[in-house]
Structures are given as structure tokens and as C-alpha cells.
Amino acid sequence: MEGPLEGPFRTKIPGGPAGVLLLTDRWQARRPLAEVVAGAVAGGVRWVVLREKDLPRAERAALAVDLRAILAEAGGTLIVAGPDPLDGDAVHLPSAGPYPPPRLGLVGRSCHDRAELARLTTEDYATLSPVYPTSTKPGYGPPLRPDGLGALIAVSPVPVLALGGVQSPDQVAACVEAGAVGVAVLGAVMRADDPEMAAAALTAAAATASRTRHDCPDPADAASRTQPSGVTTAQARRGLSYATTEEER
């Protein structure tokens, strides 16, 4: 899935999200959304998923333009939740569909179990949730915890980011050690008094855990065994992070 796509399709976005992936929620943000995203980017976040699905398309597209400009200065990428890329080239789709996924530069998919992972075809990455307890009803069953996360990563055909209830650097590290290339966060940054400081703590934890995992000289190490096929060391070292609400799944 590397290299430019042929025909009318757009150019593939190199690599994929890793490290800390930030999910937006302007209702939970303690500051204007663009200001929170700017702080997160200053703290090391390079991947942001624009949610805000309740907005009219025109308003959501205008917000996408603003957030892309913030990310562009740091070489980051905006991903749009849902099949409409809002004039961009990257989307994150729910487990319910559409299938097959659209042909765009970058496509992610929310997954929760082995059966949903098995449905993946041309997606570039997946999120797995809930890893930790969330603040809402279970919805998708009990938390996977790092052990359950690692077991699913071992059978995933694409790189995986951990989602759901990830709040602390220790949780970030545990997810990366289980084989995730990163984590997706929402509340940990959206609700933070200082989004930059919160993002910096999470991205630092992800980077440290990734270095430890991939610099291990023992090829039989558990983290090495759970690394999904197709995930390069460079991809896994790009970043990490996740969230706590039902919609984050």
C-alpha cells in the first residue's frame, strides 16, 4: 500500500499514525478547539482526528482547514472521522462501515475484537478499544487491558493504536509494550489545564517505550513477538495516545 495510487486516486500518505493520536471534542475542551490542538502539537502530537460530527459540513470543513494549517507547520496530519475527508485525503472509519473503505491517502478503522480485525482489507491502520475502563457504559464489552490488547495486535493485519481510557504516561507505555504503535487520547488532552504539557508527557512516554521495545537485543522478547507484520521500526517510533468516551470508539 505504499507509493502513489494509480488512476483517479490520490497519493498515499507515507507511514501512518503512531505515538499520540489526538481525538477532538470541542465540548470537553477547556479552551477553543484550535488552541487546544495547537498546544498538543507544540507538545509533540503529529496526528489529529477531527470528530465534531454534529457540525454542519461547511462549518466542519472550515474547522478542518484551520486544524490542517496548525498541523502543517509541524509536519503533522489531520484525519477526519467518517467517510467524508472534507477536501482532505485521510479518514478514520467506524467499525460499522463503509465496506470496502474508500481509496484515499490514509484510511483507519475502529475495531474492538478479532472478528472486526478480520474484516480489514485496504485500511492502513486500526484502533482497538476499549483498552482501559471508560467513563461511559461498556458498549463493547470489558476492557481489553494490555494483555488482551497484545493478543489482538498479534493477529492484526495492520498497525494498531490503543484506544479507550488511556490517561497516564504509564498506561501509554503499557500499550506500546504490548505491541501498539501508539495510543489515541481525547480527555487526557482536551480536558487538560495545559494541553501542551499533557501532550508532552504522553508523547515522551510513547517515545521512550518505543525505543525500549525496539532496541531490545532479544528477538524472542514478548514485545517483539506481538509487533504486527508490516510495522517498521521507523513507523513504530513516530508517536502515541488515546481517550475515554463512547464516541471515541
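**Helix packing, up close**

Author: H5 and H7 run roughly parallel to each other, because roughly parallel is the label for angles under 35 degrees. Here the axes of H5 (residues 169–177) and H7 (residues 195–214) cross at roughly 30 degrees and come within 8 Å. Those axes are lines fitted to C-alpha atoms over the stretch in contact, with angles running from 0 to 180 degrees between N-to-C directions. Helices are DSSP runs of H or I with at least four residues, strands are E runs of at least two, and both are numbered from the N terminus.

Before going on, a word on the ground rules: this is a predicted model, in which local features need pLDDT of at least 70 and side-chain atom pairs count only at pLDDT 80 or more, while totals for chains, interfaces and linings use all residues. Residues are numbered from 1 along each chain as its sequence is written, and side-chain values use heavy atoms, leaving out hydrogens and water.

Back to the pair. The H5–H7 crossing is right-handed (the near helix is turned clockwise from the far one by less than a right angle). On the H5 side, the contact (heavy atoms within 4.5 Å) is made by Pro169, Val172, Ala173 and Val176. H7 brings Ala201, Leu202, Ala205, Ala206, Ala209, Ser210 and Arg213. By class that gives nine nonpolar, one polar and one charged residues. For those classes, Ala, Val, Leu, Ile, Met, Phe, Trp, Tyr, Cys and Pro are nonpolar, Asp, Glu, Lys and Arg are charged, and the others, Gly among them, are polar.

His214 also sits in H7. His214 is buried, at 17% relative accessible area (buried is under 20%, exposed over 50%, partly exposed in between, with a 1.4 Å probe and protein chains only). From His214 to Glu177 it's 37 residues in sequence and 9.6 Å in space, C-alpha to C-alpha.

Leu33, Ala34, Val37, Ala38 and Val41 of H1 meet Leu63, Leu67, Ile70 and Leu71 of H2. That contact divides into nine nonpolar, no polar and no charged residues.

Zooming out, the chain has nine helices and nine strands, and 55% of its 249 residues count as buried.

Conventions:
Parallel < 35°, antiparallel > 145°, perpendicular 65-115°, else oblique.
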